[in-house]
Amino acid sequence: MQALIRDFYLCVRCKANGDIKPATDVDHIRPFNGKDDTLRLDIDNLQSLCKACHSRKTAKEDGGFGHAKS
């Protein structure tokens with residue numbers, strides 16, 4: 001929630017490209033390793049994204065739907 005408020009409920013990737021879209025998801029910029037990893041809740045590791053940007057990022061990094069690329 002803090003990331004959404006900080007980012008004014010706007011998708012940071014769309015905004016960087018000159019487009020204004022509402023954010024629907026909070027994304028971890030760098031992956032975290034388990035619930036005790038400090039990156040999990042680090043506000044500087046969170047960004048607000050729209051559904052489309054979050055899906056593209058996930059597909060690129062994880063092969064989509066949380067499945068690691070082989």
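Predicted model: local features only at pLDDT ≥ 70, side-chain atom pairs only at ≥ 80, totals over all residues.
The side chain of Asp-19 meets that of Lys-21 in a salt bridge, at 3.9 Å from N to O. Lys-21 is partly exposed too, at a relative accessible area of 36%.

That pair belongs to a count of five salt bridges. Next, one that involves Asp-27. Its partner is Lys-57, and the closest N and O atoms are 2.9 Å apart. This pair links distant parts of the chain, since Asp-27 sits in strand β1 and Lys-57 in helix α3, 30 residues apart. Are these two residues buried or exposed? Both Asp-27 and Lys-57 are buried. For Lys-57 the relative accessible area is 4%, and the cut-off for buried is under 20%, so Lys-57 falls in that class.

Lys-57 has a further partner, Glu-61, with 3.1 Å from N to O. Lys-57 and Glu-61 are four residues apart in helix α3, so about one helical turn separates them. Glu-61 is partly exposed, with 42% relative accessibility. Through shared partners, the salt bridges join Asp-27, Lys-57 and Glu-61 into one network.

Now the largest pocket. It holds about 200 Å³ of space. β1 (25-28) and α3 (51-62) are the elements that give two or more residues to its lining. The largest share, five residues, comes from α3. Among the lining residues are Asp-27, Lys-57 and Glu-61, along with others including His-28, Arg-30, Phe-32 and His-54.

Terms used. Residues numbered from 1 in each chain as written. Heavy atoms only, no water. 1 Å grid on protein atoms, 1.4 Å probe; cavity = no way out; pocket = protein on both sides within 12 Å on 5 of 7 lines; lining within 4 Å. Points joined across faces, edges and corners; volume = space filled by probe spheres on them. Salt bridge = Lys/Arg side-chain N within 4 Å of Asp/Glu carboxyl O. Buried < 20%, exposed > 50% of the residue type's maximum accessible area, 1.4 Å probe, protein only.
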